Amino acid sequence: MTELDCDEFVELVTAYLDGALSAEDQQRVLDHLGLCDGCSTYLDQVRVTIEAVGEQTEPEALPDTGRARLLEAFRKAV
């Protein structure tokens with residue numbers, strides 16, 4: 001099993017929170033979180049953001065084109 005770096009953690013964080021990772025990748029994320037305070041903080045921030053946005057916007061309210069543009073913008077920012 002290969003060690004996870006911070007860049008890969010950022011790429012996997014949404015899938016991790018959704019429970020969509022393989023058992024191996026989930027363990028890699030957990031191992032990384034045990035060693036990296038920065039990524040643990042990032043994970044907490046993502047959780048807070050999801051909770052805050054979820055309270056204001058229902059998933060169905062965002063059109064597919066808007067969702068795609070938003071995801072593209074996040075990917076470019078990382």
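This is a predicted model: local features need pLDDT of at least 70, side-chain atom pairs count only at pLDDT 80 or more; totals for chains, interfaces and linings use all residues.
I started with Arg28 and listed its neighbours: leaving out residues up to four places away in sequence, Arg28 touches Met1, Thr2, Glu3, Leu4 and Glu8.

**Arg28, continued**

I looked up where Arg28 sits, and the place is helix H2, which covers residues 23-35. Next I wanted to know: is Arg28 buried or exposed? Its relative accessibility is 7%, so I put Arg28 down as buried. The cut-off I needed for that call is under 20% relative accessible area.

Then I went through the polar contacts of the Arg28 side chain. One goes to the side chain of Glu8, at 2.9 Å. Asp25 is another partner, side chain to side chain, also listed at 2.9 Å. Glu8 had already turned up among the residues that Arg28 touches.

**His32**

I stayed in helix H2 and moved on to His32, which is found there too. I wrote His32 down as buried because its relative accessible area is 10%. Which residues does His32 touch, not counting those up to four places away in sequence? I got Leu4, Asp5, Cys6, Phe9 and Cys39. Leu4 is on this list, and Leu4 is on the Arg28 list as well.

I turned to helix H4, residues 64-77, where Leu71 has its place. Relative accessibility for Leu71 comes out at 30%, so I have Leu71 as partly exposed.

What does Leu71 form on the surface with Leu62, Leu70 and Phe74? I noted a nonpolar patch made by these four residues, with about 350 Å² of accessible area together.

**Whole protein**

I finished with the overall numbers. I counted 4 helices and 0 strands, and the pattern along the sequence reads α-α-α-α. The protein has 78 residues, and buried ones make up 18% of them. Arg28 belongs to the buried group at 7%, and so does His32 at 10%.

Last, I checked the contacts with a separation of 6 or more: 60% of them are between residues 24 or more positions apart. From the Arg28 list, I keep Met1 and Thr2 as contacts to look at again in the viewer. From the His32 list, I keep Cys6 and Cys39.

Note on methods: Residues are numbered from 1 along each chain as its sequence is written. Side-chain values use heavy atoms; hydrogens and water are left out. Patches are made of residues with over 30% relative accessible area and no salt bridge: like charges are joined within 9 Å, nonpolar side chains (Val, Leu, Ile, Met, Phe, Trp, Tyr) within 5 Å. Accessible areas come from the Shrake-Rupley method with a 1.4 Å probe; for residues, only the protein chains shown count as cover. A salt bridge is a side-chain nitrogen of Lys or Arg within 4 Å of a carboxyl oxygen of Asp or Glu. Helices (H or I, at least four residues) and strands (E, at least two) are DSSP runs, numbered from the N terminus. Buried means under 20% relative accessible area, exposed over 50%, partly exposed in between (1.4 Å probe, protein chains only). Contact means heavy atoms within 4.5 Å. A polar contact is a pair of N or O atoms within 3.5 Å; within protein, one must be able to donate a hydrogen and the other to accept it, and residues adjacent in sequence count only if both atoms are side-chain atoms.
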